[in-house]
Amino acid sequence: MPTTVEFVSDRKYLSGLNVFADKRVLNTMELAQIYHGVETNIVGMKLMKAFSQTAKDIEVKKHFLKGKELSKKIITRLEEIIIQDDISPSVASTGSITTSEAPAFSDRLMLTCDILLSNFSIGSQAFGAAFSFRRDIVAKMMLIGEDAFQYASEATEIMIKKGWLEVPPSID
């Protein structure tokens with residue numbers, strides 16, 4: 001635990017976008033947000049694999065497989081930051097997925113969960129960017145958030161096309 005307080009002395013603390021300049025080591029808040037992103041996407045990758053395995057609709061199944069690949073891409077992007085500081089990426093134990101293709105949930109419910117989780121990811125990336133002072137991390141978090149937004153938008157379009165998206169009660 002630190003025993004003294006340090007203050008930022010110059011703008012170099014905010015660096016990160018210049019590929020030729022040295023990046024400062026991650027601070028604890030940045031590392032916590034990156035680990036959180038890795039761990040949640042490991043769970044997301046497994047969930048999307050399970051959903052794709054049990055989905056009946058081909059378009060929905062393809063969407064879940066795309067989500068699995070997006071989770072892998074996000075994990076890789078975030079682990080790159082950690083590895084640059086010689087920190088080993090987390091190894092999350094999320095259990096294993098059976099080979100069962102019997103659906104426990106409807107395609108509609110799984111797609112609704114997918115949209116909710118994608119939107120949580122967008123919020124998580126914004127939160128992570130808000131707590132980072134390294135500009136390269138902020139940029140990476142925003143790009144991940146954009147990818148999650150595009151993915152959630154595609155799921156919403158599928159829900160509309162299939163007539164599954166309910167209008168929430170309005171304030172009148």
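Start by selecting K73: at 39% relative accessibility, this residue counts as partly exposed. The model on your screen is a predicted one.

**Stop 1**

Side chains of opposite charge can pair when their charged atoms come close.

**Stop 2: other salt bridges**

The count for the model comes to 11 salt bridges. Go next to R24 and E30. The closest N and O atoms of this salt bridge are 2.7 Å apart. Is R24 buried or exposed? R24 is buried, and so is E30.

Now select R134 and D136. They form a salt bridge too, with 2.9 Å between the closest N and O atoms. Both R134 and D136 are buried.

Then pick D57, E59, K161 and K162 together. A network of salt bridges links these four.

**Stop 3: along α4**

Select α4, residues 135-161. Check its length end to end. At 1.5 Å a residue, its 27 residues should span 39 Å, and the end C-alpha atoms are 39 Å apart, so the two values agree.

Colour the buried residues of α4. They are D136, I137, M141, I144, G145, A148, Y151, A152, A155, I158 and M159. Look at the spacing along the helix. An α-helix has 3.6 residues a turn, so residues three or four places apart point the same way. What covers the buried residues of α4? The cover includes α1, α2 and α3.

**Stop 4: the nonpolar core**

Show the largest nonpolar core, which has 28 residues. I34, F64, L78 and L111 have the most contacts inside this core. The elements giving two or more residues to the core are α1 (28-54), α2 (58-84), α3 (107-130) and α4. Which element gives the most? α2 does, with 8 residues. In soluble globular proteins, nonpolar side chains tend to be buried together.

Zoom in on L78. Beyond residues up to four places away in sequence, L78 touches I34, G37, V38, M141 and I144.

**Stop 5: Q33**

Move to Q33 in helix α1. Q33 counts as buried because its relative accessibility is 16%, under the 20% cut-off. Leaving aside neighbours within four places in sequence, Q33 is in contact with S124, F127, G128 and M141.

**Stop 6**

Switch to a surface view and select M29, F127, F131 and F133. Together they make a nonpolar surface patch of about 380 Å². F133 is found in the loop between α3 and α4. Why is F133 called partly exposed? Its relative accessible area is 42%, and the class runs between the 20% and 50% cut-offs.

**Stop 6: past the end of α4**

G163 takes a positive phi of about 75 degrees.

Finish at W164, in the segment after α4. Which residues does W164 touch, not counting those up to four places away in sequence? They are V60, D107, R108, L111 and M159. L111 was also named among the core residues with the most contacts. M159 was on the list of buried residues in α4. W164 and L31 are 39 Å apart in space, C-alpha to C-alpha, and 133 residues apart in sequence.

Technical notes:
Residues numbered from 1 in each chain as written. Predicted model: local features only at pLDDT ≥ 70, side-chain atom pairs only at ≥ 80, totals over all residues. Heavy atoms only, no water. Helix = DSSP H or I, 4+ residues; strand = E, 2+ residues; numbered from the N terminus. Contact = heavy atoms within 4.5 Å. Core = buried A, V, L, I, M, F, W, Y, C linked by side-chain atoms within 4.5 Å. Buried < 20%, exposed > 50% of the residue type's maximum accessible area, 1.4 Å probe, protein only. Patch = residues over 30% accessible without salt bridge, like charges linked within 9 Å, V, L, I, M, F, W, Y side chains within 5 Å. Areas by Shrake-Rupley, 256 points an atom, 1.4 Å probe, with all protein chains shown as cover. Salt bridge = Lys/Arg side-chain N within 4 Å of Asp/Glu carboxyl O. Expected span 1.5 Å × (residues − 1).
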